[in-house]
Amino acid sequence: MDGILSIQSWVTYGRVGNAAAIFPLERLGFETWAVHTVQFSNHTGYGQWRGTVFPPDHIAGLIEGMAERGALDCCRAVLTGYMGDAALGEIVLDTVERVRAANPAALWLCDPVMGDVGDGFYVKPGLPEFFRDRAVPMADIITPNQFELEYLTGRTIRSLADAVEATAAARALGPKVVVLTSLVRSDAPADEIELLVATAAGTWRVATPLLPITVNGSGDAVAALFLAHWLKTGGDPAAALSAAASAIYAVLKETHARGEREIQLIAAQDELVQPREVFKAERVG
């Protein structure tokens, strides 16, 4: 039984981390094995929460238990997001190496969660450097937002040309595929938001309407959606980006229509599989 191993945070109420990634993966037909790095009552954007950050040895024990069941031998992809500290990151790197040793075709999609425009860094000291110097060079696919891509490459992104150059610079660090999950630039319509994907074969962009909504977890869902469609299409970057962008737009549109603070993955679940509005990818590089 092939599966996807998702190592991320977990919230009981709401949709971030694994709570945003698992359902899209499973709805799209992928067996998903979740390892939770934290268990909180809700995401920290509410200002108050309860719960526990699991120590690294707890995570290592869960991975070892999976290995004892033979699960790592049939893992086709590893998906990672927020990491509490660099010690946990080392366990992730070791896990990826073990998975690749058992299955050289297995992929690692690393979402280098570090911060965002307007917020700056919101992770512990040392984690940005860990992502830049250790995780990103090992990953097959990375899905940074604009702030994270600028940090990883040391570049400022103000135009489409800047974005294309930055994704190329990120690929030069090691990953084969770079997905820029949120591009807002001065030389684009103000009512659009874009996603880019860069591979050795070229660079493509998808533009969707910019909705008047800000929610947590959408980046986690995009990473899961892109990974699912990358696997379903056999690694077609334009098709995977179009499918992921169309699906997340539908989810955010439903969330906005309902006036909800948490992304409405369940309400929009059919759109995850077959979005009614499809936004095509165009080649830009």
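Ser9 touches Val16, Gly17, Asn18, Ala19, Thr37, Val38 and Tyr82, leaving aside residues up to four places away in sequence; contact here means heavy atoms within 4.5 Å. The structure is a predicted model, in which local features need pLDDT of at least 70, side-chain atom pairs count only at pLDDT 80 or more, and totals for chains, interfaces and linings use all residues. Residues are numbered from 1 along each chain as its sequence is written, and side-chain values use heavy atoms, with hydrogens and water left out.

Ser9 belongs to strand β1 (residues 3-11); helices (H or I, at least four residues) and strands (E, at least two) are DSSP runs numbered from the N terminus. With a relative accessible area of 10%, Ser9 is buried, where buried means under 20% relative accessible area, exposed over 50%, and partly exposed in between (1.4 Å probe, protein chains only). In an unreviewed entry, UniProt places the feature "binding site" at Ser9 and Asp220. The two residues are spread over 212 residues of sequence, yet they cluster in space, the largest C-alpha distance being 10.2 Å. Both Ser9 and Asp220 are included in the lining of the largest pocket. On a 1 Å grid over the protein atoms alone, a pocket is an open set of points with protein on both sides within 12 Å along at least five of seven lines, whereas a cavity is a set of points where a 1.4 Å probe fits but cannot get out; lining residues have an atom within 4 Å of a point. UniProt positions follow the numbering used here, with feature names shortened, and annotations may be inferred rather than shown by experiment.

Turning to the other annotated residue, Asp220 sits in helix α7 (residues 218-232) and is buried, with a relative accessible area of 14%. Beyond residues up to four places away in sequence, Asp220 touches Gln8, Val16, Gly17, Ala20, Ala21 and Asp111.

Thr32 lies in strand β2 (residues 32-40) and is buried, at a relative accessible area of 9%. The side chain of Thr32 reaches the backbone oxygen of Phe30 at 3.0 Å. Such a polar contact is a pair of N or O atoms within 3.5 Å; within protein, one must be able to donate a hydrogen and the other to accept it, and residues adjacent in sequence count only if both atoms are side-chain atoms. Contacts of Thr32, not counting residues up to four places away in sequence, are with Ile4, Ser6, Ile22, Leu25 and Glu26.

Aromatic rings come next. The count comes to five aromatic pairs, with rings of Phe, Tyr and Trp (its six-membered ring) pairing if their centres lie within 6.5 Å; planes under 30 degrees apart count as stacked, over 60 as edge-to-face and the rest as tilted. The Phe40 and Trp49 rings have centres 5.9 Å apart and planes at 40 degrees, so this pair is tilted. Phe40 is buried, with a relative accessible area of 13%, while Trp49 is partly exposed at 40%. For Tyr249 and Phe279, the centres are 5.1 Å apart and the planes stand at 80 degrees, so the pair is edge-to-face. This pair links distant parts of the chain, 30 residues apart: Tyr249 is in helix α8 (residues 237-258) and Phe279 in the loop between α9 (269-273) and β12 (282-283). Tyr249 counts as buried at 8% relative accessibility, and Phe279 counts as buried at 14%.
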